[in-house]
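Here are my notes on the packing in this model. Please read them with the structure open.

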Amino acid sequence: MAEAIISLEGVTKDYGAPPRQVHALRSVDLEVAEAEFVVLLGPSGSGKTTLLNVLGGIEAPTSGTVTVAGRRVEALEEEDRSEFRRNSVGFVFQFFNLVPTLTAGENVQLIAELRPTLGDAADRTHTVLAGLGLEDLTERYPMQLSGGQQQRVAVARALVNQARVLLCDEPTGALDLETGRSILDLLQRAQRETGTTVVMVTHNSAIAKMADRVLNMRSGEIVGDRRVESPVSAAEVSW
Ligand code: ADP
Ligand code: MG
């Protein structure tokens, strides 16, 4: 296995206090290799989103250690944690989450500007949008785009700062098959062409065929971890 880019040890996450406490994560241990494409399957409420949020520094675990791209995420001070979220991880959500009052290009550039050391934000925005075939949509507002187009812009936004890890929470959950496949293709290209590590939550076991590795969650625990012999390309996934 290549060097681990994600490493979790004994990670728990509790919400609330007894007697109403929820154990969203119950001692999760996990290592993910750089450039691996991991699919996380599990029923609703099993802790998938909580796990992504802990990986991305959006939520602190109750206990355990979280190392991502060389950073001990749970131990970072708030300022460093924001910097980690901006620079090391990219998020793609089910419902796109674009800023409605900004154009597609502005949505991406807003994020690009958070990392000025990579070069001119407008240039980088143009490059990533063109790379995803979105140059004609740059001036449109989210409500002038289809769901699939909005999600492509959201992927551009997640990629523009060269995040080493993409955290995707049901990114095709609101899309039809063909549109969903085109999003999976963008994620798979990021993995195969630039070695981006992808952790993707889905309800859909058919999508697991394109992963290198499939994790199953139940009740806050990883209960299954299997390697896929020959991952298929996104274009071959159907559900
Ligand atoms: P999944 O993404 O697999 O559907 P989640 O990670 O969202 O599951 O949730 C895991 C458990 O934690 C669920 O029981 C959920 O209700 C609970 N939970 C998630 N977020 C919160 C929160 N902010 N406050 C209280 N309980 C929460
Ligand atoms: Mg969820």
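Which residues in α5 meet which residues in α6?

1. On the α5 side, the contact is made by Gly148, Gln151, Arg152, Val155 and Leu159. They meet Thr179, Ser182, Ile183, Leu186, Leu187 and Ala190 in α6. By class, the residues of this contact divide into 6 nonpolar, 4 polar and 1 charged. Keep in mind that the model is predicted.

2. Now the geometry of that pair. Helix α5 covers residues 147-159, and helix α6 covers residues 177-194. Their axes lie 9 Å apart, and the packing angle is about 15°. Angles under 35 degrees count as roughly parallel, so α5 is roughly parallel to α6. The crossing of α5 and α6 is right-handed.

3. The crossing of α3 and α4 is right-handed.

4. The α3 side of this contact consists of Gly105, Val108, Gln109 and Ala112. Across from them, α4 brings Ala121, Ala122, Arg124, Thr125, Val128 and Leu129. The residues of the contact of α3 with α4 split into 6 nonpolar, 3 polar and 1 charged.

5. Next, helix α2, residues 78-87. Which of the α2 residues are buried? They are Arg81, Ser82, Phe84 and Asn87. An α-helix has 3.6 residues a turn, so residues three or four places apart point the same way. The cover over the buried residues of α2 includes helix α1 (48-55). It also includes the strands β4 (63-68), β5 (71-72) and β6 (89-92).

6. On to the strands. β1 (residues 4-15) and β2 (residues 22-33) run antiparallel and are joined by 8 bridges. Val11 stands opposite Val28 in β2. The hairpin of β1 and β2 has 6 residues between the strands. In that hairpin, Gly16 takes a positive phi near 75°.

7. One residue of strand β1 deserves a look: Ser7. Is Ser7 buried or exposed? Its relative accessibility is 15%. Buried means under 20%, so Ser7 counts as buried. Leaving aside residues up to four places away in sequence, Ser7 touches Leu30, Glu31, Thr65, Val66 and Thr67. Of these partners, Leu30 and Glu31 lie within the range of β2, residues 22-33. Thr65, Val66 and Thr67 lie within the range of β4, 63-68.

Definitions and conventions:
Residues numbered from 1 in each chain as written. Chains lettered and ligands numbered in written order. Predicted model: local features only at pLDDT ≥ 70, side-chain atom pairs only at ≥ 80, totals over all residues. Heavy atoms only, no water. Buried < 20%, exposed > 50% of the residue type's maximum accessible area, 1.4 Å probe, protein only. Helix = DSSP H or I, 4+ residues; strand = E, 2+ residues; numbered from the N terminus. Contact = heavy atoms within 4.5 Å. Left-handed = near helix turned anticlockwise from the far one by under 90°. Nonpolar A, V, L, I, M, F, W, Y, C, P; charged D, E, K, R; others polar. Axes fitted to C-alpha atoms, helices over the stretch in contact; angles between N-to-C directions. Parallel < 35°, antiparallel > 145°, perpendicular 65-115°, else oblique. Pairing = 2+ DSSP bridges.
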